[in-house]
Amino acid sequence: MKVYINGRLLDEKNAKISVFDHGLLYGDGVFEGIRVYHNKVFTLQRHIDRLYRSAKAIALEIAMTPEEIMQAVIKTCKANGIQNGYVRLIVTRGVGTLGLNPYLCKESQVIIIAAGIQLYPVELYEEGLSIITVGTMRNHPEAINPRIKSLNYLNNVLAKIEALNSGVMECVMLNPQGYVAEASGDNIFAVRDGVLRTPPVWCGALEGITREVVMELARDLGYMVEEDVLTRYDLYTADEVFLTGTAAEIIGVGVIDKRPIGTGRPGPVTLQLAERFKAYTKEEGTPIT
Ligand code: PMP
């Protein structure tokens with residue numbers, strides 16, 4: 001495997017960064033997870049836009065232009081012969097001192113890894129995921145705003161630990177007001193009477209690209225889609241609940257807190273959207289040429 005670091009494609013074993021990089025010392029940096037389908041990078045422009053917004057929010061100047069980063073992503077996929085896979089694009093604050101001061105860091109570091117991913121076993125897409133609500137709440141927007149896709153994922157890691165320790169793979173995270181925010185690594189939708197509802201980002205959700213695409217595709221299919229404040233009541237009483245994310249794509253939730261959602265299996269709206277999404281992955285994308 002070849003890994004891109006600051007303009008160079010290095011063999012995996014030589015792909016190393018400094019222990020003084022603030023990405024490692026403080027989780028100071030931003031990232032994106034991007035899919036490659038059918039030899040095309042899916043929704044690349046949207047990911048790059050979000051990356052730059054995340055960087056801006058943490059006052060991190062990326063030492064490359066968006067166009068240069070897009071070309072670097074394509075180059076890395078090409079060098080690894082990736083036709084279907086997953087790209088991890090990371091920008092760290094760079095090498096600094098042992099103190100917190102980000103302004104003492106030299107240049108930001110851009111790292112791109114192109115590989116594969118399978119988040120959930122295929123059976124779960126047919127059977128539905130079991131999840132629980134966890135006690136770890138989503139970060140307060142005035143702490144680390146959940147809209148920032150930062151390298152500091154401890155909030156999500158702690159939630160994931162709670163889920164895994166309870167024997168499930170994902171969880172519902174609430175915000176400090178007790179409203180539904182999202183899952184530890186995915187956005188969440190509830191469907192009732194044919195209307196799709198997902199928490200607005202101010203409730204503590206990442207501006208998920210898959211969330212955005214699903215909202216667009218659902219509207220095109222004639223569904224009403226609302227960004228609305230949700231409580232657990234709305235999840236428990238929904239006909240269907242599903243999660244969206246770059247790695248997970250669209251996965252139905254069968255059970256939340258041991259309560260069956262609808263029939264307890266992925267419902268027709270979830271399955272229809274998953275099918276439409278799959279078709280869309282053939283239509284959309286920046287060719288790897
Ligand atoms: N929320 C969180 C916390 C995430 O980490 C992710 C990405 N894995 C998502 C939502 C989904 O976002 P996207 O569709 O852009 O992958």
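1. At 36% relative accessibility, Asn6 counts as partly exposed (buried is under 20% relative accessible area, exposed over 50%, partly exposed in between, with a 1.4 Å probe and protein chains only). Asn6 has a positive phi of about 45 degrees, yet it is not a glycine. Most residues other than glycine have a negative phi.

2. This is a predicted model: local features need pLDDT of at least 70, side-chain atom pairs count only at pLDDT 80 or more, and totals for chains, interfaces and linings use all residues. Residues are numbered from 1 along each chain as its sequence is written, and side-chain values use heavy atoms, with hydrogens and water left out.

3. How many cavities of 30 Å³ or more does a search of the whole structure find? There are 2. On a 1 Å grid over the protein atoms alone, a cavity is a set of points where a 1.4 Å probe fits but cannot get out; lining residues have an atom within 4 Å of a point. A volume is the space filled by probe spheres set on the points, which are joined across faces, edges and corners.

4. The largest cavity has a volume of about 60 Å³. Its lining includes Arg35, Tyr37, His47, Thr246 and Glu249.

5. Look again at Glu249. Its phi is positive, near 60 degrees, in a residue other than glycine. Glu249 is partly exposed, with a relative accessible area of 21%.

6. The second largest cavity has a volume of about 50 Å³. Among the residues lining this second cavity are Arg138, Pro146, Tyr153 and Asn156.

Terms used. On a 1 Å grid over the protein atoms alone, a cavity is a set of points where a 1.4 Å probe fits but cannot get out, and a pocket is an open set with protein on both sides within 12 Å along at least five of seven lines; lining residues have an atom within 4 Å of a point.
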